Amino acid sequence: MASKVIESWKLVTAIDNYLEVAGEILFKNIFTIAPEMYPLFSFSKDHEIMSDSLFSDPKFKKHAAGVVGTVDAAVGMLGPDLSPLVEILKKLGRKHKNYKVKEEHYAIIGQALIATLAAAMADAFTDEVKAAWVEIYGVISSTMIEGACY
């Protein structure tokens with residue numbers, strides 16, 4: 001499972017400016033699936049949802065790239081000893097609870113992530129690759145939820 005995720009992630013990181021590109025796609029997917037999540041983000045006060053001004057805002061770009069950077073770091077930490085990653089994810093879960101992220105939001109983010117990966121990898125996003133990512137995201141989200149203590 002982890003090897004499929006690690007290998008397939010290389011296709012995403014090969015995209016020019018992948019942090020921003022994948023970040024924008026991810027957030028477009030999130031806001032398409034669940035527009036009610038938009039007000040959770042500080043940049044929502046300054047822009048209409050799905051507007052060109054939003055996607056060109058440096059605050060948005062920094063946040064979106066940061067989220068993809070976190071995915072990148074998590075993929076890089078997949079290996080025999082997951083304890084450092086588990087601790088980071090639990091802290092991240094606590095942090096996101098403070099931002100008013102609810103437990104049910106994790107499934108939405110997972111759906112948006114899978115759609116983003118499918119768009120980025122195109123034909124290389126096989127059923128096997130998708131299954132590996134779904135499984136890994138399940139572990140990531142359940143660990144963050146555990147850390148948040150909902």
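How many nonpolar, polar and charged residues does the lining of the second largest pocket have? In this predicted model, the lining of that pocket has 10 nonpolar and two polar residues, with no charged residues. The pocket itself holds about 150 Å³ of space. Its lining is made up of Met-1, Ala-2, Leu-78, Gly-79, Leu-82, Leu-85, Val-86, Leu-89, Ile-136, Val-139, Ile-140 and Thr-143. Two helices, H5 and H7, each supply at least two residues of this lining. The most is given by H7, with four residues.

The largest pocket has a volume of about 880 Å³. It is lined by 34 residues, of which Phe-27, His-63, Val-67, His-96 and Met-144 are the closest to the pocket centre. By class, the lining of the largest pocket divides into 25 nonpolar, six polar and three charged residues.

At least two lining residues of the largest pocket come from each of the helices H2 (18-33), H4 (58-76), H5 (83-98), H6 (105-121) and H7 (127-148). Among these helices, H4 gives the most to the lining, with nine residues. Helices H5 and H7 each supply at least two residues to the lining of the largest pocket, and each also supplies at least two to that of the second largest pocket. The leading contributor is H4 for the largest pocket and H7 for the second largest pocket.

Methods: Residues are numbered from 1 along each chain as its sequence is written. This is a predicted model: local features need pLDDT of at least 70, side-chain atom pairs count only at pLDDT 80 or more; totals for chains, interfaces and linings use all residues. Side-chain values use heavy atoms; hydrogens and water are left out. On a 1 Å grid over the protein atoms alone, a cavity is a set of points where a 1.4 Å probe fits but cannot get out, and a pocket is an open set with protein on both sides within 12 Å along at least five of seven lines; lining residues have an atom within 4 Å of a point. Grid points are joined across faces, edges and corners, and a volume is the space filled by probe spheres set on the points. Ala, Val, Leu, Ile, Met, Phe, Trp, Tyr, Cys and Pro count as nonpolar, Asp, Glu, Lys and Arg as charged, and the others, Gly among them, as polar.
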